[in-house]
Amino acid sequence: MLFDKFHEECGVFAVYGHPEAANLAHLGLHALQHRGQESAGIASSDGKEIYCHKAMGHIADIFTAGVLNQLPGHMAIGHTRYSTAGDTALLNAQPFAVSCGKGKVAVAHNGNLTNAQELRRDLEEQGSIFQASSDTEVILHLVARSNQRTLEGALREALLDIQGAFSLVFLAEDRLIVARDPHGFRPLAMGQLKLTDGTTAYVFASETCAFDLIDARYVGEVQPGEMVIVGPAGVWREMYTPAKERAQCVFEHVYFSRPDSIVFGRAVQESREQLGRLLARESPAEADIVVPVPDSGVSAALGFSSASDIPFRHGLIRNHYVGRTFIEPSQAIRHFGVRLKLNPVRQLLDGKRVVLVDDSLVRGTTMRKIVRMVRDAGAVEVHVRISCPPTVSPCFYGVDTPTKDELIAANETIDEIREHIGADTLAYLSLEGLRRAVADTDHHYCYACYTGSYPTQLVNVEELMMSRPNR
Ligand code: AMP
């Protein structure tokens with residue numbers, strides 16, 4: 001059986017040495033909720049047993065006091081996940097917890113393995129039985145099959161077999177182990193928390209906004225190719241493999257991470273505003289107001305406004321409580337779908353020349369609806385500015401992008417896209433502008449979605465394409 005989907009767009013969290021570990025994981029995951037809203041889970045350990053709870057839905061709904069009481073212990077890992085809905089969604093929810101020859105172990109993963117299909121086929125030929133379709137299970141099977149005596153040894157071996165993007169958190173009975181792939185595609189930050197009894201708890205998270213909520217102090221990144229073990233003997237850091245050419249996901253700074261996070265050692269807010277400032281310098285517009293597409297375009301729009309001296313206005317208001325499905329009344333409502341989420345402020349837009357700023361265009365469907373809505377609210381000109389280059393290639397390293405034929409910029413010229421979305425003008429930030437905005441002087445970032453040039457060898461591109469989820 002092949003994977004029916006990759007696990008995409010996830011957030012991971014881990015804590016060691018805190019009496020309320022599961023509760024901290026709960027809070028950490030709450031801060032990482034934007035990285036995935038479909039399912040979530042926490043596994044905890046008291047040094048002997050591993051306890052695990054996972055479910056579909058949002059963190060706040062899943063982890064009630066009753067559920068958290070069932071997750072005792074001083075260490076925990078957590079995961080929040082975006083995936084396409086379907087029968088297998090809960091089966092693929094993480095953490096995965098198993099009992100094997102190396103003891104009890106649980107794992108949670110952010111990223112995509114690019115050789116998971118091959119590894120899975122090999123493992124199945126050797127008799128491994130898989131329960132889910134997620135590639136994370138492959139890692140557990142590799143660990144279970146290893147001839148190494150210790151869990152660390154087995155993990156080291158498994159980490160050398162897998163390829164692609166992975167920021168991993170493992171829970172063994174008495175230890176926490178975290179690791180990052182040698183390219184460093186996905187972020188993984190490390191923090192510390194001083195307890196009232198003078199001891200130190202260690203925390204790890206996809207983004208530092210998870211630390212702020214629990215009063216933990218950010219101490220730095222887990223390095224690409226590094227493994228950190230935290231256990232009764234203290235903290236042990238080692239390079240399980242030499243770091244390779246850095247390929248930090250630039251989309252974390254463009255869209256995915258929260259602006260209040262430090263990601264890859266850099267404040268996301270700084271990057272976002274800079275994206276907007278450089279965009280304004282590269283592609284100015286004559287306009288009366290700068291309006292962000294909330295929330296994703298807000299920081300870049302602030303940057304655009306400050307660099308262009310055009311006032312920033314909240315001309316679109318977002319409803320944050322949009323549920324899953326709404327049945328459209330049979331009397332068709334204009335802009336029904338998009339208006340569930342966004343509503344224009346006519347008083348601000350009427351008669352105005354508007355610069356609309358968003359972080360990215362993927363299929364172009366959302367922007368087309370927004371432009372129409374803004375015009376209907378009285379805007380006389382609409383100039384669309386996108387704070388990244390045209391998205392021309394799918395990501396195989398953990399960001400959910402559709403296949404190439406659905407990526408509008410892979411198939412149409414800028415002017416065709418402008419026409420499609422109905423804008424008076426359209427401009428994207430240049431690749432060079434993006435590099436400057438994230439201060440990438442050392443070529444540490446991956447830009448594959450904008451260039452089509454992938455930093456790792458992709459063996460079965462066809463198969464990887466086939467297994468893309470639909471967003
Ligand atoms: P589209 O209608 O496909 O052009 O959607 C573009 C919108 O989706 C933009 O407002 C982005 O903020 C948002 N977006 C871009 N990439 C992603 C992603 N990987 N996951 C979720 N939303 C995204």
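Which residues does Leu 356 touch, not counting residues up to four places away in sequence? This is a predicted model, so please keep that in mind throughout. In it, Leu 356 touches Val 291, Val 293, Leu 316, Met 367, Ile 370, Val 371, Val 374, Val 382, His 383, Val 384 and Arg 385.

Leu 356 belongs to the largest nonpolar core, which has 69 residues. The members that touch the most other members are Leu 356, Met 367, Ile 370, Val 374, Val 384 and Tyr 450. At least three residues of this core come from domain 1 (11-247), and at least three from domain 2 (271-320 + 328-441). As background, nonpolar side chains in soluble globular proteins tend to be buried together.

Next, helix H5. Because eight of the 10 residues in H5 (residues 136-145) are buried, the rest of the structure largely encloses this helix. Those buried residues are Thr 136, Glu 137, Val 138, Ile 139, Leu 140, His 141, Leu 142 and Val 143. They pack against two helices, H4 (116-125) and H6 (151-161), and against strands S5 (96-100), S6 (103-110) and S7 (167-172).

Last, a helix pair. Two packed helices are described by the angle between their axes and the distance between the axes. For helix H9 (residues 268-282) and helix H10 (residues 298-308), the axes come within 6 Å and cross at roughly 45°. H9 and H10 are therefore oblique to each other, and their crossing is right-handed. On the H9 side, the contact is made by Gln 269, Arg 272, Glu 273, Gly 276, Arg 277, Leu 279 and Ala 280. H10 contributes Ser 299, Ala 300, Leu 302, Gly 303, Phe 304, Ser 306, Ala 307 and Ser 308.

Definitions and conventions. Residues numbered from 1 in each chain as written. Predicted model: local features only at pLDDT ≥ 70, side-chain atom pairs only at ≥ 80, totals over all residues. Heavy atoms only, no water. Core = buried A, V, L, I, M, F, W, Y, C linked by side-chain atoms within 4.5 Å. Buried < 20%, exposed > 50% of the residue type's maximum accessible area, 1.4 Å probe, protein only. Domains from an automatic or database assignment. Contact = heavy atoms within 4.5 Å. Helix = DSSP H or I, 4+ residues; strand = E, 2+ residues; numbered from the N terminus. Axes fitted to C-alpha atoms, helices over the stretch in contact; angles between N-to-C directions. Parallel < 35°, antiparallel > 145°, perpendicular 65-115°, else oblique. Left-handed = near helix turned anticlockwise from the far one by under 90°.
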